[in-house]
Amino acid sequence: MRSKIEGAPSFAYIHVDLDPGESIVAESDAMASMDSDLDMKATFNGGLVSALLKRFLGGESLFVNTFSNNTRKTRRVTLVQKTPGDIKEIALKGNAICLQPGAYVASTPGVRLAVRWAGFASWIAKEGLFKLFCTGQGILWIGAYGGILFRDVAGAYIVDTAHLVAYEPSITLKPKLAGGLFSSFFSGEGIVTRVEGKGKIAIQTRSLEGLRDFLNPRLY
């Protein structure tokens, strides 16, 4: 299997070339185009119960699509995400990574997805009550609205709400005021997310919440 991300960071998409016998799993509706002789099979995202949990608690689709190459030649599928923005590739080698709702795009069959409790601190920070927990061996592709930046955290780091895309399990999230009470609310920053621990995080440079706040006054 060979993959290439193009169009980044504004309108990223993934070309995946599957050799005979290979397959890739993708979010529902992620396929933009594919060779006509590739096989596509829609299944529940980890079984019915697991799929329902991922859909209603983890913000993911009820179904995933598996694209398989059962021919004798290399075949291509092109995958996209639902929002304009960046896509990044992460290699999992027995380690784990936590994704915010909507960040999952695709993965190789060796990657396992589960929903885990993120905590009320995550919910207050507008990062959701639940997180998608990815483990296993293989390649994971994540997407975001805007560009994706990676940061190594050793101690503490501040991220604006709705900008955190992914983080390693060694990282904990704590909501806090951006500054003093007056500065926090009149600066427009309000509550931010304090990430603590040692590990890597991924941040998106734009937020859908910010786009909503920008557009709403102009639509009426």
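Select Val16 and look across to strand β7: Val16 stands opposite Val77 there. Strands here are DSSP runs of E with at least two residues, and helices are runs of H or I with at least four, numbered from the N terminus. This is a predicted model: local features need pLDDT of at least 70, side-chain atom pairs count only at pLDDT 80 or more, and totals for chains, interfaces and linings use all residues. Residues are numbered from 1 along each chain as its sequence is written, and side-chain values use heavy atoms, with hydrogens and water left out.

**Stop 1: the partners of β7**

Colour residues 13-18, strand β2, and residues 75-80, strand β7. They pair in the antiparallel sense over 6 bridges. Two strands count as paired if DSSP finds at least two bridges between them. Click Ser33: its bridge partner in β7 is Thr78. In a regular strand the side chains alternate between the two faces of the sheet.

**Stop 2: Arg76**

Stay in strand β7 and select Arg76. The cut-offs are under 20% relative accessible area for buried, over 50% for exposed, and partly exposed in between (1.4 Å probe, protein chains only).

Which residues does Arg76 touch, leaving aside neighbours within four places in sequence? They are His15, Val16, Asp17, Met34, Asp35 and Leu38. Contact means heavy atoms within 4.5 Å. Check the C-alpha atoms of Arg76 and His15: they are separated by 6.7 Å, although the residues are 61 apart along the chain. Next, show the side chains of Arg76 and Asp17, which make a polar contact at 2.8 Å. A polar contact is a pair of N or O atoms within 3.5 Å; within protein, one must be able to donate a hydrogen and the other to accept it, and residues adjacent in sequence count only if both atoms are side-chain atoms.

**Stop 3: the loops**

Most residues other than glycine have a negative phi, and most peptide bonds are trans. Go to Pro9, in the loop between β1 and β2. The peptide bond from Ala8 to Pro9 is cis, with omega near 0 degrees. Move to Asp29, between β3 and β4. Asp29 has a positive phi of about 75 degrees, and Asp29 is exposed, with 60% relative accessible area. Finish at Ala162, between β13 and β14. Its phi is also positive, about 70 degrees.

**Zoom out**

Show the protein chain: 4 helices and 16 strands. Of its 220 residues, 42% count as buried.
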